[in-house]
Amino acid sequence: MKFADFICRDAIRAHLQAADKEGAIREMVTALADAKRVDPGEFESVVKAILKREELGSTGIGRGVAVPHTKHPSVDRLIGTVAVSATGVDFASLDGESVHLFFLLISPPDRPGDHLRALENISRQLRDDTFCKFLKQAKTPEEVGQLLEEADNHQFGP
Amino acid sequence: MSEPAVSRTVIVANRAGLHARTAVILAKAAKRFDARVLVAKGPHQVDAKDVLQLMQLVAEQGDALQLEASGPEARQALDVLEDLFLKKFDED
């Protein structure tokens, strides 16, 4: 699976304003709603589902990266977005570091495999330090989108 | 002096598989032990203490994984890790 298969480019945010977990999640889901990928009527339900998932254990996987996510019946295919925070967000991560890079995923309840393949793609690409560093330094959504495209075209890593 | 490696097969029983949260739980548990712990799905073997590597296994419900550990606390590490799989990571 590639980034282009699930990341909605219109919903990418390069300057996350929020300083806390809930605020960051709300901003990203708002971006997906603005891009018409999340039904405005389902907005609160999606945010609550993602927060509930975080209560079970943080999706801050270390290296300043988090992958907040949920299953939700209002989407018929896996969708996601990327957001960058210059200041960092306290996400109760595995390594205690604040999070600067977010991949938020929403998948249909009956497709757990797609979610795993998206995670595989994200984690594989993030192993490349250059990609990780460039993403965290990206200043515009276009720059983020460009980096994802380059990663899809195997321009990072081995 | 090197300790002999121990290994065990576990089945991914929870519906969502080895996703971000379960990978974090597994890595955290593995890190508590003085042991080198590897997880393999078929020929693809990764470090159990590395979340990013674990998520690259794409371990889905029903998949069999080989746990392999070496070091002073190898056996204890595998006991705890196997238990996580048996408990389905408290999911479902």
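**Around B:Val46**

Let me start with one residue. Leaving out residues up to four places away in sequence, B:Val46 touches B:Leu38, B:Val39, B:Gln53, B:Leu54, B:Gln56 and B:Leu57. Touching, or being in contact, means that the C-beta atoms, placed from the backbone, lie within 7 Å.

A word on ground rules. This is a predicted model, where local features need pLDDT of at least 70, side-chain atom pairs count only at pLDDT 80 or more, and totals for chains, interfaces and linings use all residues. Residues are numbered from 1 along each chain as its sequence is written, while chains are lettered from A and ligands numbered from 1 in the order in which they are written.

Back to B:Val46. It is found in strand 3 of chain B, residues 44-47. Helices (H or I, at least four residues) and strands (E, at least two) are DSSP runs, numbered from the N terminus. B:Val46 and B:Leu26 sit 20 residues apart in sequence, and their C-alpha atoms are 12 Å apart in space.

**B:Leu54 and the core**

B:Leu54 touches B:Leu18, B:Ala23, B:Leu26, B:Ala27, B:Val39, B:Val46 and B:Ala48, with residues up to four places away in sequence not counted. The largest nonpolar core has 76 residues, and A:Phe102 and B:Leu54 touch the most other members. Such a core is a set of buried Ala, Val, Leu, Ile, Met, Phe, Trp, Tyr and Cys residues joined through C-beta atoms within 7 Å.

**Chain B as a whole**

Chain B has 3 helices and 4 strands. Their order from the N terminus is β-α-β-β-α-β-α. Its radius of gyration is 12 Å, close to the 12 Å from the globule rule for 92 residues, so chain B is as compact as a globular protein of that length. That radius is taken over C-alpha atoms, and the rule is 2.2 Å times the number of residues to the power 0.38. Buried residues make up 41% of the 92. Confidence next: mean pLDDT for chain B is 93, and 97% of its residues reach 70 or more. pLDDT is the predictor's confidence in each residue, from 0 to 100.

**Chain A**

Chain A comes to 5 helices and 5 strands. From the N terminus, they run α-α-β-β-β-β-β-α-α-α. Of its 158 residues, 43% count as buried. Take helix 3 of chain A, residues 112-126: its 15 residues reach 21 Å from first C-alpha to last, close to the 21 Å expected at 1.5 Å a residue. That expectation is 1.5 Å times one less than the number of residues. Among the buried residues of this helix are A:His115, A:Leu119 and A:Ile122.

**Where the chains meet**

How many residues does each chain bring to the contact? Chain B gives 16 and chain A gives 19. On the chain B side, helix 1 (20-31) and helix 2 (51-55) each give two or more residues. Helix 1 of chain B gives the most, with 6. That side of chain B divides into 9 nonpolar, 3 polar and 4 charged residues. Here Ala, Val, Leu, Ile, Met, Phe, Trp, Tyr, Cys and Pro count as nonpolar, Asp, Glu, Lys and Arg as charged, and the others, Gly among them, as polar. Overall, the model scores ipTM 0.74 and pTM 0.85.

Technical notes
Two residues are in contact if their C-beta atoms, placed from the backbone, lie within 7 Å. A residue is buried if 20 or more other C-beta atoms lie within 10 Å of its own, exposed if 12 or fewer, and partly exposed in between; C-beta atoms are placed from the backbone.
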